[in-house]
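Dear colleague,

Please find below the structure that I am handing over to you.

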Amino acid sequence: MPSSVIRSYRYDPSDKHLDLVFVSGRHYRYHDVPEEVYRDMRKAFSTGEFFNQRIRDRFQFIRVN
């Protein structure tokens with residue numbers, strides 16, 4: 001299901017980082033995200049809800065732009 005909050009996301013399994021681009025255009029990189037979390041996010045009915053429950057405030061991040 002398309003998200004009204006998250007425009008796109010990409011996971012790098014070698015570095016275990018998750019890049020998220022929000023509809024606002026802001027791009028964040030979340031560090032040390034287990035691959036299982038990424039797989040669960042891909043299966044989630046609501047990507048935004050999944051982000052809020054399982055990623056936000058749980059992983060360190062940097063703003064890319």
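The notes below cover the strands and then the helices.

This is a predicted model, in which local features need pLDDT of at least 70, side-chain atom pairs count only at pLDDT 80 or more, and totals for chains, interfaces and linings use all residues. Residues are numbered from 1 along each chain as its sequence is written, and side-chain values use heavy atoms, with hydrogens and water left out.

Strand β2 covers residues 17–22 (strands are DSSP E runs of at least two residues, helices H or I runs of at least four, numbered from the N terminus). Of its 6 residues, 6 are buried, so β2 is largely enclosed by the rest of the structure (buried means under 20% relative accessible area, with a 1.4 Å probe and protein chains only). His17, Asp19 and Val21 lie on one side of β2, and Leu18, Leu20 and Phe22 on the other.

β2 pairs in the antiparallel sense with β1 (residues 6–12) over 6 bridges and with β3 (residues 27–30) over 4 bridges (pairing requires at least two DSSP bridges). His17 is the bridge partner of Asp12, while Leu20 stands opposite Tyr28.

Helices α1 (residues 35–43) and α2 (residues 47–55) pack at about 150 degrees, with their axes 9 Å apart (axes are lines fitted to C-alpha atoms over the stretch in contact, and angles run from 0 to 180 degrees between N-to-C directions). The two helices are therefore roughly antiparallel (over 145 degrees).

Yours sincerely

Key: Angles under 35 degrees count as roughly parallel, over 145 as roughly antiparallel, 65 to 115 as roughly perpendicular and the rest as oblique. Buried means under 20% relative accessible area, exposed over 50%, partly exposed in between (1.4 Å probe, protein chains only).
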